[in-house]
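Work through the two exercises below with the sequence and the coordinates side by side, trying each task before reading its solution.

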Amino acid sequence: MLLLFLFFVAQQQYNLVKGDTTLIKRTCKNTKYYNLCFSSLKSDPSSPTADSKGLAVIMVGIAMTNATSTSSYLSSKLLSPKTNSTTLKMVLKECADKYSYAGDALQDSVQELSDENYDYAYMHITAAKDYPNACHNAFRRYPDLVYPRDLARREEGLKHICDVAMAIIDNLDW
């Protein structure tokens, strides 16, 4: 009897996840980065029960994690004994601040999504997507500084995640 019950529960969970993959696939097909969208949303445990707005909130949350992680990464580089150049420290601080601002803008977008102010949510995500450009430009101001490859990868990641979130918002009923 217990085995039959466990089988039934497992079958129901499988059907729930399988059924909700359709919304994720349909949502991600309307984005520029289908694979990023699908794998990100599929990996979040709340996505099977989310509606389209919920999927947008999940993507914004992933972007916030990226921005916060990058800000922390830059702060740790700032404190590293290997970072002995005053100019590099100044640029790393500026970059850490920019990624922190990106995180703040993304947090604001979650509130706007909650209030169904989709245009403002979109605006905050656009701002968050642009903050890494200020960081990249800070490195360009000093020709002797090299823009770190890891930071370039993180910048690209945040921009792509923001693009996905904005595409999902574009398809919400405004």
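The exercises concern a nonpolar core and then one of the helices around it.

The model is predicted, so that local features need pLDDT of at least 70 and side-chain atom pairs count only at pLDDT 80 or more, while totals for chains, interfaces and linings use all residues. Residues are numbered from 1 along each chain as its sequence is written, and side-chain values use heavy atoms, with hydrogens and water left out.

**Exercise 1.** Find which residues have the most contacts inside the largest nonpolar core.

*Solution.* Begin with the term: a nonpolar core is a set of buried Ala, Val, Leu, Ile, Met, Phe, Trp, Tyr and Cys residues joined through side-chain atoms within 4.5 Å, where buried means under 20% relative accessible area and exposed over 50%, with partly exposed in between (1.4 Å probe, protein chains only). The largest such core holds 44 residues, and Leu-41, Leu-106 and Phe-139 have the most contacts inside it. Of the helices (DSSP runs of H or I, at least four residues, numbered from the N terminus), α3 contributes the most, with 10 residues.

**Exercise 2.** Determine which residues of α2 are buried, and where they lie around the helix axis.

*Solution.* First, list the buried residues of α2, which are Cys-37, Ser-40 and Leu-41. Next, look down the axis of α2: these buried residues fall within an arc of 90° and so line one face of the helix, the arc being that of the directions from the helix axis to the C-beta atoms. Finally, turn to the face directed away from the buried side of α2, which carries the exposed residues Asn-35 and Ser-43.

How values were computed:
Helix = DSSP H or I, 4+ residues; strand = E, 2+ residues; numbered from the N terminus.
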